[in-house]
Each structure stands twice: as structure tokens, then as C-alpha cells.
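Let us take a friendly walk through this model together.

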Amino acid sequence: MDWTPTISELSGPRYQRIVEAMEADIAAGRLVRGQQLPTQRALAKALGVDLTTVTRAYTEARRRGIMEARVGQGSFVSETSARRAVDLPHPVAIDLSMNVPPHPLEAQLDERVIAGLEAIRAQSGLTAFLNYQPPGGSAHEREVAARWMRTRVPHAHADKLVIFPGAQTILFNLLAHLARPSDVVLTEAITFPGIKAAAAQLGVKLVGVAMDDGGVLPDALAKACRTHRPKAVYLIPTLHNPTTATLSSERRSAIAKIVRDADTMLIEDDAYGLLDRSASPIANLIPERTYLATTLSKCIAPALRVAYLLAPDSGAQLQMRGHLQATVQMPAPLMVALVTHWLETGVADRIITAIRNEAVGRQQLAQRALKGFQFQAKPAAHHLWLHLPEGRPDVAAHLLRNGLAIVAGDAFTVDGTSPHAARVSLGAARNRSELTEALRILVGALQKPADVRQIV
């Protein structure tokens, strides 16, 4: 038997001591992700305890998300800290529709949330963050965030930065600030549904610009600027959602010149930039014309609701703080305090590194599973853009009937022309075992003739 915990030095009921020993050995690296654990009977014999004690310990370990049971195989150290899915809509069994980051055990999110909140409590007390705070963050919180951002964006400073409760709030408020109903904002022909929803609510007209596998085409963007005289250009230059396209440095330079020559503003959605630090934001080329939105939703966790907007200057920053105050007042102070603590101590970067590494591992798994099919992907992306076989428009619906959810291409199109493709969100699977099963179902659907899948 490979693992025999030491529980004699721990306090509390014996089943809890087993779980605490498991957590400690995972944190110390004595147990690693995917490692098989001893059978309940073998562990009970080794520890000299009754079987029900070990059964209760394993049940508690599964509840905490540190262990998973595989039918016919045994019990294993969990690959992630994700809990069992209890609220998936019927008939979804595996949901690959939400573009969220995976949470590998190496990220130690549970432990780091607890430790971070305890550090905040010890320093200033938690109740200090249960009241109204300055809209857009305190001077200290903005300075910490700006200092952290300067590794990628040298011109980031606190007097240009606003802390928002998520990137979607940034996008809505920016559209409201830069455009009026019927005004035109340019975006990629295939784009993030969130900007579509915000524009629809505000009556802003989105016009899609042609793309290829490398992202938006500069010539097409220049032509669209001359034709439409847009109030702004919205782009996702790095690990584009949904196509994963990342603009080359040459295209970034060309786009910066186009935006400057068109006398318009760039909304740069940097949601995935922290997963690929080799790509320099376009904001570095035209800081005076760029609103740069950086969120922690895709590189740490969406429920933190912490995102940073770097405005072109201090005047624009004050205006955006006013928009924030008028719409949602402020981000959640306790979450901002937690993230600020993580930025100061380097914890945030360690979490991001663990999540980026897990994204790479999942992409490698998908590359093997989807060999022979056409798709676009990048090593650190949380998703891939799958080109569906011709004559099979019902693949997404077929998959849903079989319990697997992905997002069909029509959710991302700007002009209504649906691309024959779908986004598959690899990070949404609770662990690699679930992702393997999801990819098996996906490949099976892609390989079946259309008439076999057709409901009649």
C-alpha cells in the first residue's frame, strides 16, 4: 500500500484525522494528483480502525473535493478542487459550454482563500470591508494592481486604473460612455457574446470585421473605419473567444495605426492575456487611445468579480469611476481585499501559473482525442474552436441530447451568419477524467453519419 497516513499526532474524530492527513500530504507533495489511494479495507487494517471510520473519511474527502471515486477502479487523489456538479440543468451531465478556468489542486484555491482572509482579518478585521468603499477601489488597492500590471503594461498607474466587479460590467459601462444608441462599434465578425448583449441593451450597433485564423484582418478594419466612422473598436487580441486566434505583433502594430488614424478608441479585452504573457497588449502601442480590460475571471476564478480597467488618462479614469458608481456602486470590498493581498504576496501569480499549466495539459489531451478533426487551439487556452463536419448542423443539439453541452457558432456571430463551428470549453470539465469522457462523446457524435443522429 503506497499511502499510510500518520494520524496519531492529530486531534478530533479519527475519520477527520484521516482527511486532514490526506490534505496535509497533498499540500506537501507526498500525495499527487491522480494517485490511487488504498482501498477502504486495506487502510482500515493498516491504521487499526474499523471499516466504517475509513468509509466516513473517504466520503468526507470526496465532499471536500480532494478525492474522487472511479467506478470499477478505486479511489484517487482528485485532479482538481472542484466539487460535484449539483445544479446542472437537465439533461446536461457534462457542461463544456462555460469558458471558465480549471482549478487544479496545485492552485490550492481553498487553502489560499482561507489563508488570505485570515491574513486580512488579522491585519484589519473583516468587518472593515463590509461597508461602502470608494467606487473603483482605494488608492492602495489601485496602486497594488497597477504595480502588478506594469510587468505587462509599463504605463499602468493608479490614477488611470478603476477596479470593477467583473469584465462584463466594464464592457457595459464603456459602451455607455463611448457610444449612444445607433452609434457603431466595430468588433471581430465572430466575438464574445457578452459584448453583443451589452450593445443590444444600449442600442449600440455592432459591425463585424472579417477575420482569418490569425484574427481580425487589418485591411478589413481600416475599410470598416472609413465606412462607419465608429465610436470605438472592440477586440480580443489574445486567445480570442471563441476562435483562440492571437494577433501577431505585426497585426497589432497595424491595428494601432488604424485606430489612431481613424481618430477612434480601442476597447482591448485582455481576458486571456495573463495565460499567454508572450503577447504584448495593443495598449502598449496606443495608450492614449486604449481602454484595457484585465479580469481575473479567466485566470483565477469568475466568482471573485474583480477586474481592472486601465483608462487612457486620469480624466477618463474619473469618468469611468462615475459610471461605476452610478450602475453598481463598487466591486465587493472583501473580494478586492483578498485579491489585493494575493497580488502583494505573489500568490496570484502562483495560482495563475498552476491554472495555465492545467490548461496546457487539457489542450494536449484534446489534441490527442480530436486528431483528424479540424479545430483551432492554443496551448494555454481554456477552449478550442471546433469546425463541424459539413452537412451536420445538428451536432450541438445531438450532443445535448446525450448529456454534453457545448456552444454552437451562432452565439458568437455579429451579422447573423452562423459559422459551422462550436466552442468547446476544456476548463469547464471538473477534472481530466470527465474531460476525457466528454471528448469521447464528442468524437462519437462527429463520427456518426447525419442520418443516424437525426431525430424523426
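## A loop residue and its surroundings

Leaving aside neighbours within four places in sequence, Ala156 is in contact (heavy atoms within 4.5 Å) with Ala146, Met149, Arg150 and Leu310. This is a predicted model, in which local features need pLDDT of at least 70 and side-chain atom pairs count only at pLDDT 80 or more, while totals for chains, interfaces and linings use all residues. Residues are numbered from 1 along each chain as its sequence is written, and side-chain values use heavy atoms, with hydrogens and water left out.

Ala156 sits in the loop between helix 5 (139-149) and strand 4 (161-164); helices (H or I, at least four residues) and strands (E, at least two) are DSSP runs, numbered from the N terminus. With a relative accessible area of 0%, Ala156 is buried. Buried means under 20% relative accessible area, exposed over 50%, and partly exposed in between, using a 1.4 Å probe and protein chains only. Ser314 is 158 residues from Ala156 in sequence, and the two are 11 Å apart in space, C-alpha to C-alpha.

Helix 5 itself has the buried residues Glu141, Arg142, Val144, Ala145, Ala146, Trp148 and Met149. These buried residues pack against strand 4, strand 11 (290-295), strand 12 (307-310), helix 10 (314-327), helix 11 and helix 12.

## Two helix pairs

Two packed helices are described by the angle between their axes and the distance between the axes. Here the axes are lines fitted to C-alpha atoms, for helices over the stretch in contact, and angles run from 0 to 180 degrees between N-to-C directions.

| Helix pair | Angle | Distance between axes |
|---|---|---|
| Helix 11 (333-345) and helix 12 (347-369) | about 90° | 5 Å |
| Helix 8 (218-228) and helix 9 (249-261) | about 10° | 10 Å |

Helix 8 and helix 9 are therefore roughly parallel to each other. Angles under 35 degrees count as roughly parallel, over 145 as roughly antiparallel, 65 to 115 as roughly perpendicular and the rest as oblique. Pro218, Leu221, Ala222 and Cys225 of helix 8 meet Arg251, Ala254, Ile255 and Ile258 of helix 9. By class, this contact of helix 8 with helix 9 has 7 nonpolar, no polar and 1 charged residues. Ala, Val, Leu, Ile, Met, Phe, Trp, Tyr, Cys and Pro count as nonpolar, Asp, Glu, Lys and Arg as charged, and the others, Gly among them, as polar.

How many cavities of 30 Å³ or more does a search of the whole structure find? There are 3. A cavity is a set of points on a 1 Å grid over the protein atoms alone where a 1.4 Å probe fits but cannot get out, and lining residues have an atom within 4 Å of a point. The largest cavity holds about 60 Å³ of space; grid points are joined across faces, edges and corners, and a volume is the space filled by probe spheres set on the points. Trp148, Met149, Thr151, Arg152, Val153, Leu274, Arg277 and Thr294 line the largest cavity.

## Backbone spots to look at

Leu239 lies in the loop between strand 9 and helix 9, and has a positive phi of about 50° although it is not a glycine. Leu239 is buried, with a relative accessible area of 1%. Pro242 is found in the loop between strand 9 (232-235) and helix 9, and the peptide bond from Asn241 to Pro242 is cis, with omega near 20°.

Technical notes
1 Å grid on protein atoms, 1.4 Å probe; cavity = no way out; pocket = protein on both sides within 12 Å on 5 of 7 lines; lining within 4 Å.
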